[in-house]
Each structure stands twice: as structure tokens, then as C-alpha cells.
Amino acid sequence: MDNSTKAIRSSNIELLRIFAIFGVISIHYYNYYAINTLGAGDINNYILNFFQCFSACSVNIFILISGYFMSKKSSVKSEKVFELLLQTIIFRELFYLYRAFFGSLTFTVRDFIIYLLPLNYYVVLYCCVYILSPYINKLTKSLPIKSFRQLVIIIFVLFSVLPTAIDIAQHLFSVELHGLSPIGHYGSGYGYTVINFIMMYIIGAYLAKAEFGTKRIPLCLGVSVCVLFLLTVVGIRGGYGYNFSLSYCNPFLITASVMIFLIFKSISIKPNKVINSAAKATFTAFLINTMFLERAKIDIFVQKNPLIMTLHLFACCIIIYAASYAVYLIYSSVMGLMLKLFYKKVKFPIIKCE
């Protein structure tokens, strides 16, 4: 999702990034604004759960893409971390001020200061992976492909299969198994951990090093559909209170993320300026999509017939992304000039592992 990297990327993967951010918007559409409106047996609830399981791959896909394209780098610019955190803070603060003066919030100095913190799990964890990436790359580049494959299998079992199995066991048998998970004392953290981000980065690096022929793509498509359909059924039966199908470290969800990536990787698209340019707005859309969703009257549309609700969801994705692209152009133009002047005065170190 980081748009600061200047590596040349294929339009097919850039298109995947756009679809992935549509998935993020879909998740927020349901979790923030539809979940309290729909009943458990509502057909629209089932439909949104189905979309959720596809959309839940989005975060893993973003990190996968980063690992795929950054895996050969021996150095990164620490100023990029500063830029990501700065953009997060600016949009958070503007969002707060907008809601305080035109919405339901009351302005307080305390809240104003709190919103100056980059409270965004994705941004913080991504920055951690970005800083560590030269050292991870040093390790992965030194591994023969067979050893690299073993490493992927080991971390997949340790940090995906086992933690998920333990979480499920705790839920099914109503027992606390604190201290048993390889990730943390209280369990998997549902994938909201730097461990999951590093794992997805390493898997992306492996996909960049390994060769996958297009003959496997139909199998990838079939596996993705079957796995995500299974997760939908399990998620609906489990209910929102415990929907392990949406856990980012879920082995089935990780498998589906890899399959979807391979499908898009196999698509032959000539370099497309429109797609490549549009994809630059993904991070902006991630930061500001909820501001637009607040005004989308979701609580009304989710109670209409499934077709109208689905069309409204798709319309929200398209309109919000278009608006995000406009915001990105304005922000990059203004901040680009200001940062250029700032970097003349302040120098950030390069993080290098040789």
C-alpha cells in the first residue's frame, strides 16, 4: 500500500492493489456501519459476510506485494517511514477537526493532541517491516530455494496454523489456553501483529524468487473460491463475536491471498499509465475511506433488497476511490514541495544491510 517506493511495478499487480483497497472499503462498510443494523439471519448479512471473506485478504495482499517487489533491496530510505507517519497524522487530524466542527464530536485540546499520534495498526506495523526489510532480504537472498521453501513452511505452521488452531480450540471448548500460542500470551492477535506482517513479507519474497507457471492458475482460482466460500460458511455460523475466518493469520485466508496474488500475476497487461497512476491513491484511500462511509447512509441501504445494497457497496468503493485519488493529487502536490524544502535542511539516514 506504500506509494513511496519508486520501483517499477507491473500494471497487473497495480490493478490488484486497487482491488485490494476496494476490499478494505468493503470491510469497513460492514464492520463500522452495517453490522449493528442487520440481523443475524438477514440475507444481506450473509451477502456481506461473503464479500468480507474475499475482502479480508486485502491486508495480507498488500504486504505480500511489498515483499515481492522489495525482496532484492539491500537498503531503504528512513524518510519514507517519516512520510507515511506524517500523512497518517495529517489525515487523522483533519478528520478529527472535520468531525469536531461539522459532525458529532466536541472539540477538546486533549483529543486534538491524541489525534496527533499515528494510531493506525497497519501503518505502524508496515513501518516496522519496512525498516527491517533490508535485513530480512539479506537472509532470504542467501537461502537456496529449497531452504527458503522450508523456511516458509516452518513460519506458516508456527505463526498461522498453530495459533489459529489454538484460538479455535479455546472457542470450541470454552477454555483459556493463554501462554500456548507461538505468537503471544493471549493468542494470535487475529493477525494484527508484526509477526504476521513479516511472515507475509517473507512469503512475498519467496514468490519473487520461486517460479510459478501459468498452468497452475486454474487450480489457484479453484482453491481461492473454495477456501473463501468455506470461510464464509464458517464465519456466518461462528457469528461476529468469533469469526476466525476474518483473522489475518488464518492459514486458509493466507492461502487465498497467495492464490489471488498468483492469479493477478499471471494476467498479461501492457504497462498502463491509467492503472499505474490510479494505484498511487491506495494508501490515501486506506486512510480516509471511513470519512466518506460515514456519509453514505449505509444503515438505510443495507435494509433494502440485496441488489440495491450490493450496487450501493460497489458505488461506495468507486466513488470513495475517485475522491481519494483527487485528495492524493492535492496532498502530493502540496506536501511534495514542502518536503523537498524540508529535506534540504534535514537529512534522514539510509538503512542498509550489505
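Biologist: Where is serine 174 found?
Modeller: This is a predicted model. Serine 174 has a positive phi of about 50°, though it is not a glycine. Its place is the loop between helix H7 (145-173) and helix H8 (194-209).

Biologist: Is serine 174 buried or exposed?
Modeller: The cut-off for exposed is over 50% relative accessible area. Serine 174 has a relative accessible area of 67%, so serine 174 is exposed.

Biologist: How many Å apart are the end C-alpha atoms of helix H12?
Modeller: Helix H12 covers residues 282-293, which is 12 residues. At 1.5 Å a residue, H12 should span 16 Å. The model agrees: the end C-alpha atoms are apart by 16 Å.

Biologist: How many of the 12 residues of H12 are buried?
Modeller: Among the buried residues are Phe283, Phe286, Leu287 and Leu293. H12 is largely enclosed by the rest of the structure, because the buried count is 10 of the 12.

Biologist: Which residues is methionine 199 in contact with, leaving aside its neighbours within four places in sequence?
Modeller: Methionine 199 sits in helix H8. At 1% relative accessibility, methionine 199 counts as buried. With those neighbours within four places left aside, its contacts are Ile155, Phe156, Phe159, Ser160 and Ile254.

Notes
Residues are numbered from 1 along each chain as its sequence is written. This is a predicted model: local features need pLDDT of at least 70, side-chain atom pairs count only at pLDDT 80 or more; totals for chains, interfaces and linings use all residues. Side-chain values use heavy atoms; hydrogens and water are left out. Helices (H or I, at least four residues) and strands (E, at least two) are DSSP runs, numbered from the N terminus. Buried means under 20% relative accessible area, exposed over 50%, partly exposed in between (1.4 Å probe, protein chains only). The expected span of a helix is 1.5 Å times one less than its number of residues. Contact means heavy atoms within 4.5 Å.
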